[in-house]
Amino acid sequence: MAALRLIARRFLQLAIVLLLVTFFTFSLVRLLPGDPAKTIIPFGSDQQRAALAKDLGLDKPFLQQYVNYLGIPVIKSEGTTGLLQGNLGRKYATNQPVGELIKQSLPVSIQLVIYAQLVALALAIPLGVLTAYRAGTRTDRAVNTTAFGFLALPNFVLALLLSYVIGARLKWLPTAGYEPGWLDPLFDSARTPSVEHLKYMVLPVIALAVGQVAIYMRLLRSDMIATLQENFITMAKAKGVPNRRILFRHALRPSSLTLLTVAGLNVGTLIGGAIVVEVIFGIPGMGTQIATAIAAREYVELQSYIFVLAFIFVLINFAVDFCYILLDPRIRRARADA
Amino acid sequence: MTVPVAEPTAEPAPGAPLLEVTDLTTHFETPGGIVRAVDGVSLTLERGKTLGIVGESGSGKTVLSRSIMGLLPKRGTIRGGSVRFDGVELMTRSPKEMRDFWGARMAMIFQDPMTSLNPVMKIGKQITESIRHHLDVDRDYATELAVTLLRSVRIPEPERRLRDYPHQLSGGMRQRVCIAVAMACGPALLFADEPTTALDVTVQAQVLDLMAAQQRERFMAIVLITHDLGVVAGRADEIAVMYAGRIVEKAPTSVLFTQTRMPYTKALLSSIPKLEHPSHSRLATIPGRPPNLVAPPAGCKFAPRCAQAQPRCLEEDPPLVPGSAPGHEYRCWFPVGTPEGDDALARNRAAGKTAGTTAGGAA
Ligand SMILES: Nc1ncnc2c1ncn2[C@@H]1O[C@H](COP(=O)(O)OP(=O)(O)OP(=O)(O)O)[C@@H](O)[C@H]1O
Ligand code: SF4
Ligand SMILES: [Mg+2]
């Protein structure tokens with residue numbers, strides 16, 4: 001019962017968040033200088049452009065455009081299509097449905113972000129545990145300094161560096177391009193996964209993940225140091241439990257709540273980073289699409305991309321909330337009581 | 001169902017006591033200086049016996065027990081002296097080697113059952129974990145053993161409790177689980193560090209009785225640590241009183257109560273709540289605070305608070321000397337119940353001050 005109420009409350013929050021997100025992106029996108037008609041027919045006459053703008057619905061007042069985009073039936077309800085009806089709109093220039101474009105590009109970005117998150121955590125968790133266990137020693141300082149060095153390195157610099165050294169000079173890995181992976185066929189059955197996929201992902205994933213390692217590691221380290229002072233750790237030690245087991249079985253789980261929260265929120269940062277990294281490595285994901293949509297002033301396309309990303313971001317953070325319950329049985333009761 | 005016992009890891013020396021601690025020191029390096037938390041403690045404990053360790057907060061009881069078990073972190077800790085367990089020297093053993101002793105041959109129960117169980121691990125797992133680690137048994141057998149253990153500490157519906165998390169149990173129940181965890185591999189020696197301090201008065205006696213029952217059944221030795229002489233009065237064979245990291249008086253229980261020599265012990269005795277007193281009557285607490293363990297006073301460490309303190313006490317550190325009864329030792333220049341002590345007390349009363357308080361102004 002309590003869980004159902006929690007879910008209901010979460011979905012209400014989701015609706016509010018998405019309403020705000022759509023409104024802000026809608027307004028911001030329209031603050032971009034330039035206009036779509038001009039980019040579509042750069043050499044057309046003013047009349048041609050005005051006709052095109054009318055066609056695209058760009059002549060209507062701002063609020064009406066917004067209401068139409070959302071798909072809220074106001075006066076004449078027949079033919080209203082928008083987000084509410086699951087319609088993400090069409091690209092001005094080619095009239096392609098944005099939904100189709102997303103089917104192609106979203107799985108690419110999702111895979112990139114998932115890999116980056118997994119790699120960052122796979123490095124940060126053992127390092128966080130190690131530096132907590134060896135807090136104050138030379139190992140601790142060395143690991144921390146290195147991780148912070150990488151944190152200070154912007155991901156686009158790292159991306160360019162990797163692309164140049166490992167891609168262009170050493171020719172170990174491709175510098176650009178993409179092959180479908182395991183997720184792409186789920187969105188578009190015409191695509192078949194290829195083993196080459198991983199080859200194309202290595203450098204972008206490294207560029208994206210490395211900066212996050214220091215953040216995750218530090219969080220885990222400080223929570224872990226606190227946990228290692230707990231009585232139950234001394235108790236586990238007094239039982240003769242080996243160190244490795246104390247660290248990973250007894251201390252890690254109670255120390256990982258902050259890490260989990262931040263890893264969820266950090267998906268936002270990763271998505272932002274993915275835009276840059278995709279452009280540098282020529283990966284046809286959401287990032288590349290967003291960059292071109294901005295350049296072409298494709299208002300609707302851009303709004304829908306951001307809407308979809310925001311939707312995913314919020315959903316992930318709800319999932320994080322539910323993961324708390326799995327990690328800490330005490331929260332189970334506290335949440336149920338709330 | 002019989003509970004298997006972990007194999008001894010070395011040949012016991014015949015006739016050796018179970019635990020023999022000689023001149024154990026444990027100092028901590030801190031930014032403020034070296035904390036002499038344990039400063040030259042010697043004690044012995046025979047199989048099946050109970051040693052009570054009594055002292056105020058900060059006297060070093062917890063550090064002593066953890067130092068004997070070798071549980072203190074290596075970094076910043078300086079240990080000296082000798083700890084022989086079953087004839088085997090433990091001081092020179094690495095934590096890795098100690099793991100064969102921890103949980104298997106010596107176990108510990110902690111003060112606060114609320115924090116000494118892992119909050120995110122099921123009770124069952126916390127019990128079977130050490131069984132599976134120390135005894136070569138499969139999971140089903142370990143679970144069966146855990147149920148038997150929970151039943152032996154009188155936890156109702158033990159099969160169901162195995163799947164509970166600690167927060168689902170009351171404090172008293174949790175401490176029983178801790179006892180079950182400690183008993184899991186049938187240790188020869190149990191350290192109980194204030195096992196009932198955090199519990200309700202009504203539950204305290206139950207938990208202590210439970211420990212005593214386990215002790216009889218397993219012929220286990222117990223080091224029972226408390227700040228309350230009343231707790232150990234009826235349960236310990238011998239009592240050691242600790243002050244500022246040292247044993248200041250040690251005697252078989254009845255001797256300690258009848259032939260008290262050390263003024264600190266006497267003060268502790270008068271702070272035991274008596275049955276004839278109404279329950280809300282205030283305990284006589286000892287005025288003053290324990291000394292700074294970084295720069296302890298030169299002479300007797302208790303001098304600043306001692307009613308009998310004389311100038312000599314400020315200069316010379318009293319050594320442990322034997323009392324008249326066998327096994328009785330104490331540190332005091334002017335022992336209670338002797339002409340010297342009575343004299344000293346009378347002199348201080350007449351003067352309206354002690355040598356300690358005069359010097360205490362500077363301390
Ligand atoms: N890791 C440490 N570093 C520095 N000082 C410490 C450390 N552990 C304990 N001490 C100090 O050692 C002294 C003895 O502490 P200990 O915990 O053994 O006292 P205790 O007799 O168990 O007291 P309580 O009844 O409060 O449990 C205290 O002054 C304490 O501050
Ligand atoms: S009489 Fe002197 S030696 Fe004895 S306890 Fe008091 S101060 Fe210490
Ligand atoms: Mg203590």
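1. His197(A) touches Gln111(A), Tyr115(A), Tyr178(A), Glu179(A), Pro180(A) and Gly181(A), where residues up to four places away in sequence are not counted and a contact means heavy atoms within 4.5 Å. The residue lies in helix H9 of chain A, which covers residues 196-228; helices are DSSP runs of H or I with at least four residues, strands are runs of E with at least two, and both are numbered from the N terminus. His197(A) counts as buried because its relative accessibility is 2%, buried meaning under 20% relative accessible area, exposed over 50% and partly exposed in between, with a 1.4 Å probe and protein chains only.

2. This is a predicted model, in which local features need pLDDT of at least 70 and side-chain atom pairs count only at pLDDT 80 or more, while totals for chains, interfaces and linings use all residues. Residues are numbered from 1 along each chain as its sequence is written, chains are lettered from A and ligands numbered from 1 in the order in which they are written, and side-chain values use heavy atoms, with hydrogens and water left out.

3. For chain A as a whole, the secondary structure comes to 15 helices and zero strands, and the C-alpha trace spans about 85 × 60 × 35 Å along its principal axes. Of its 338 residues, 44% count as buried. Among the contacts between residues at least 6 apart in sequence, 71% join residues that are at least 24 apart.

4. Chain A exposes about 17,100 Å², of which carbon and sulfur atoms supply 67%; accessible areas come from the Shrake-Rupley method with a 1.4 Å probe, and for residues only the protein chains shown count as cover. The chain has 32 positive and 19 negative side chains, and the centres of these two sets lie 12 Å apart. Here Lys and Arg count as positive and Asp and Glu as negative, whereas His and the chain ends are not counted; the place of a charge is taken as NZ of Lys, CZ of Arg, CG of Asp or CD of Glu.

5. A nonpolar surface patch of about 930 Å² is made by Leu12(A), Ile16(A), Leu20(A), Phe23(A), Phe24(A), Leu28(A), Leu31(A), Phe62(A) and Leu63(A). Patches are made of residues with over 30% relative accessible area and no salt bridge, with like charges joined within 9 Å and nonpolar side chains (Val, Leu, Ile, Met, Phe, Trp, Tyr) within 5 Å. Helix H1 (2-31) and helix H4 (62-70) of chain A each supply at least two residues of this patch, and the largest share, seven residues, comes from H1(A). Leu31(A), one of the patch residues, is found in helix H1 of chain A and is exposed, with a relative accessible area of 65%.

6. In chain B, helix H3 (residues 123-134) is mostly covered, with nine of its twelve residues buried. Its buried residues, including Ile123(B), Ile127(B) and Ile131(B), pack against helix H11 (243-251) of chain A, and also against helix H4 (139-152), helix H5 (158-161) and helix H6 (171-183) of chain B.

7. Which residues of chain B are in contact with Pro329(A)? Leaving aside neighbours within four places in sequence, Pro329(A) is in contact with Pro119(B), Val120(B), Tyr165(B) and His167(B), as well as with Arg253(A). Pro329(A) lies in helix H15 (residues 329-337) of chain A and is buried, with a relative accessible area of 2%.

8. The structure holds 22 salt bridges over all chains, a salt bridge being a side-chain nitrogen of Lys or Arg within 4 Å of a carboxyl oxygen of Asp or Glu. One of them links Asp184(A) with Arg191(A), the closest N and O atoms being 3.3 Å apart, and both residues are buried. Another joins Arg245(A) to Glu129(B), with the closest N and O atoms 2.8 Å apart. Because Arg245(A) lies in helix H11 of chain A and Glu129(B) in helix H3 of chain B, this pair joins two chains. Arg245(A) is partly exposed, with a relative accessible area of 25%, whereas Glu129(B) counts as buried at 6% relative accessibility. Lys239(A), Arg245(A) and Glu129(B) are linked in a network of salt bridges.
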